[in-house]
Amino acid sequence: MIAHFSTSISLPPLRPLTAAIALAMLGAVPAQAQQADSGKLEQVVVTANKRAQNLQDVPAAISVINDATLQRANVRDIDDLPSLSPALTISYGSQPGNNSINMRGIGTFSLGIGTESDVAVIVDDIPMGLQAGAFKDMTDIFRVEVLKGPQSTLFGKSSIAGALNITTKPIAGTRKASTSFLLTDDKEWRASASVSGPLTDTLRGRVTVSKTGFGGVVDNLYDGSKLNGSRGETIMGKFEWNPSDQFQAVFSPHYNRTNRNGCVNPYTSITPGGYYQNVPQLPATELNAGIPIGPGNTAVSNDYPAGGKFRDAGAGLRLNWQFGDDSVLAGHNLTSITSFGNYHMDDFQDGDGTSSDILRYLPVNGRPTGLSGGLYSFGTFDVKSITQEVRLTSPDTGKFRYVTGFWYGRNMLNRLLVRAPVSSYVTAYEAQAWNTNYALFGQASYAFAAKTSLIAGLRLNREDSGYGFTRYTPPPAARVPTEFYTDDHSDNAVTGKVGLEHHVSRDTMAYATFSTGYKGVAYDLTSGFNAAVARKQPVDPEKAKNFELGLKTALLDNRATLDIALFNTNFRGFQQAAGFVDDDNVFRTTLHSIGGLRTRGLEVDGTLRASRALLLNASFAWTQATITEFENGPCHWVLNAAGTAAIVGGNCAPNPKYANANVQNLKGATLPNAPKIKVNLGGQYDVPLQAAGFDLFVTGAWRWQSRTQFALNQDPVTVQGGYGVANLGFGMKDKRDRYKLSFFVNNLFDKTYAIGLGNSVATGTWSAKAPNPVAVVSTTSWLPPRDYTRYVGARLDLNF
């Protein structure tokens, strides 16, 4: 179900034309307002400007997904959010460390630890040191604010494309307990419990525990297991101490342990007659025996684990002092937020995609290895983060309001990767990346006229960063260092924001803003790192300039809201990893610094309380994310007319400017995983029963998006066509809020679609050349989503 926001201000009578236009656009939003006793929409409070504000008074494009919507949509983790917010997409790698959250088509996809994300994830004012930490169960979440466009002024350099500002559930004023259970017909299950309330006169607390499990949607024929699912355990605490009216301390520890056994991409096609690395004893017909290769295939046969097992532990301490009336800073709040976090992941991957004994026949330098088994990789991610923020927030009254503060953050990241045991697949390295940030920031608004305010913000940022890279002798030999590289870099940056906010009426606000974003230098710390790559480090920083026009209005006596935003953002030095087939016919991934790209578009969010019983909401996004400058873009390969050789496709050609390497000019090309159009529709209809102790309800949601290109190299085979998915739910709720029983059907019309597509042409894995019949073997694969097919489930929520 989609979420939405609104305001509680009453409206003067609307002109018929204005109301008609507004209502025509309301079938579209992400964030769902609640119904007040009067039947109007309730006010939605956000903290996007580091102070509590009515959403309709914030001059920025923000979508809010609230607690009711998260429950109605049965949101389990961050993978579910793109179905609720059209601004979001997620690009998937082989494990969470390679995933990317994208905002308005922009997101950094990188295989190394030396590149930060473009979309920050902040939980209770604490940013995650590595975006991979966000791919876990979203336990005890109260609200998700989707902040679109550069947020560098207030949230720092890892929010150059946007931010997810997440707030956990508050502590109850009285003692309460609740439990929740969910079960589906394809064996997903969830269970959680929480207790909340006062412990003493000055101390309150909330503790939540949860456990979830889902095998996945891919069948592993090797052992009968499921892949591309996850299971996790979480415990969270929040303890609030209020010794006086002026001082508050909140301590928030958390621990999560998760196993994500994906992402595995089953084959959807393979050219007949192939052999594994052209070894006659390893025909594809035997290695893939039993796998129904074809469109919609969800079976593999892997004898090595997939994905990653990780744990995430940490704590935050928030101290807040409100100055009294006798102070010069009367009404101001001084806030200190301190955090420590440690994220550790062990990741795995089956290197050959089969369960056959390929090493028995796979030669190295023309000679048998004498080994048995298959290829595999394993590694670790380890991230230690500490942050400290101190800020001063002015009162919410008066013409001049501001927030200003100091920020310190330090991240220490370590990556170990081993691929074994033979052939060009082998590698062994350990990399470290570190960054320390210091920043002074501030943002203010000044009402220089009765209805108009000036907005201005500034951030001065200093970053010290560096890396270390050690290569080792590959397995099965003893691990001995053979190469070592290190370097460091210092960077100063200034970002800012300026704009105007004008209240057309007490219910309608228009705004125009200009903001800049900055993300620091990157390091290409992957298996391809060598002396030549070291000379090109660091990769240039990213810079962004964003223009935005917006309108927010409440309609029909606050029974409807409508928010419209127009935006245009230009990026320079965009950091993006992309794979290519090198001249030696080996597939490699390199971090590129794209010269320029642009994202622009229109976003419309709205909600309508059609009656006391019926709530409708919707959102629409038209996004054009294109490359404006990238001369040396990666190529894709295609078969020649005879099918006997692979040649470069698209507009690829040798370019003397780049050592005659095969490159293509990608100017005008679309960014990967950036559909041009996304639409979300949703609603809930309540059926009150006068004579019963419970009421009934029906919910529905539908989302649609246009075609999507998944490859930066613009391979025509990696395009997912447009599709729509519908969900339906119904249930009963106790009038005294003691229980709620829900039933749901997701992907009602059984629409199959992919969230990732792959195409490999003559990459050396499969071939059929001499002494076999001359041919080139191509393979295609896909990544099926959680709801690639219809499934049903039930959920029970109990309150005590």
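## Surroundings of S100

The backbone oxygen of T108 lies 3.1 Å from a polar atom of the side chain of S100. In this predicted model, S100 is placed in strand β5. With a relative accessible area of 1%, S100 counts as buried, because the cut-off for burial is under 20%.

Beyond its neighbours within four places in sequence, S100 is in contact with T89, I90, S91, G107, T108, F109 and Q131.

## Nonpolar cores

The largest nonpolar core comprises 37 residues, and those with the most contacts inside it are I78, L81, I101, V144 and L164. Two or more residues are given to this core by each of β4 (88–91), β5 (100–103), β6, β8 (141–148), β9 (162–168), β27 (560–581), β28 (587–609) and β29 (614–629). Strand β8 supplies the largest share, three residues.

Another core, of 22 residues, lies apart from the largest one and includes Y429, A433, F469 and V533. In soluble globular proteins, nonpolar side chains tend to be buried together.

## The second largest cavity

The volume of the second largest cavity is about 700 Å³. Its lining is formed by 50 residues, of which E116, M128, G129, S158 and N411 are the closest to the centre. The elements that contribute two or more residues to this lining are β6 (119–123), α3 (152–155), β20 (376–393), β21 (400–420), β22 (427–446) and β23 (452–472).

By residue class, the lining of the second largest cavity divides into 20 nonpolar, 22 polar and eight charged residues.

D357 is located in the loop between β19 (333–350) and β20. Its relative accessible area is 31%, so D357 is classed as partly exposed, between the limits of 20% and 50%.

Two backbone nitrogens are found by the side chain of D357: that of G373 lies 2.7 Å from a polar atom of this side chain, and that of R360 lies 3.4 Å from a polar atom of the side chain. Leaving aside neighbours within four places in sequence, D357 is in contact with L282, S372 and G373. D357 and L287 are separated by 70 residues in sequence, while their C-alpha atoms are 9.0 Å apart in space.

Notes: Residues are numbered from 1 along each chain as its sequence is written. This is a predicted model: local features need pLDDT of at least 70, side-chain atom pairs count only at pLDDT 80 or more; totals for chains, interfaces and linings use all residues. Side-chain values use heavy atoms; hydrogens and water are left out. On a 1 Å grid over the protein atoms alone, a cavity is a set of points where a 1.4 Å probe fits but cannot get out, and a pocket is an open set with protein on both sides within 12 Å along at least five of seven lines; lining residues have an atom within 4 Å of a point. Grid points are joined across faces, edges and corners, and a volume is the space filled by probe spheres set on the points. Helices (H or I, at least four residues) and strands (E, at least two) are DSSP runs, numbered from the N terminus. Ala, Val, Leu, Ile, Met, Phe, Trp, Tyr, Cys and Pro count as nonpolar, Asp, Glu, Lys and Arg as charged, and the others, Gly among them, as polar. A nonpolar core is a set of buried Ala, Val, Leu, Ile, Met, Phe, Trp, Tyr and Cys residues joined through side-chain atoms within 4.5 Å. Buried means under 20% relative accessible area, exposed over 50%, partly exposed in between (1.4 Å probe, protein chains only). Contact means heavy atoms within 4.5 Å. A polar contact is a pair of N or O atoms within 3.5 Å; within protein, one must be able to donate a hydrogen and the other to accept it, and residues adjacent in sequence count only if both atoms are side-chain atoms.
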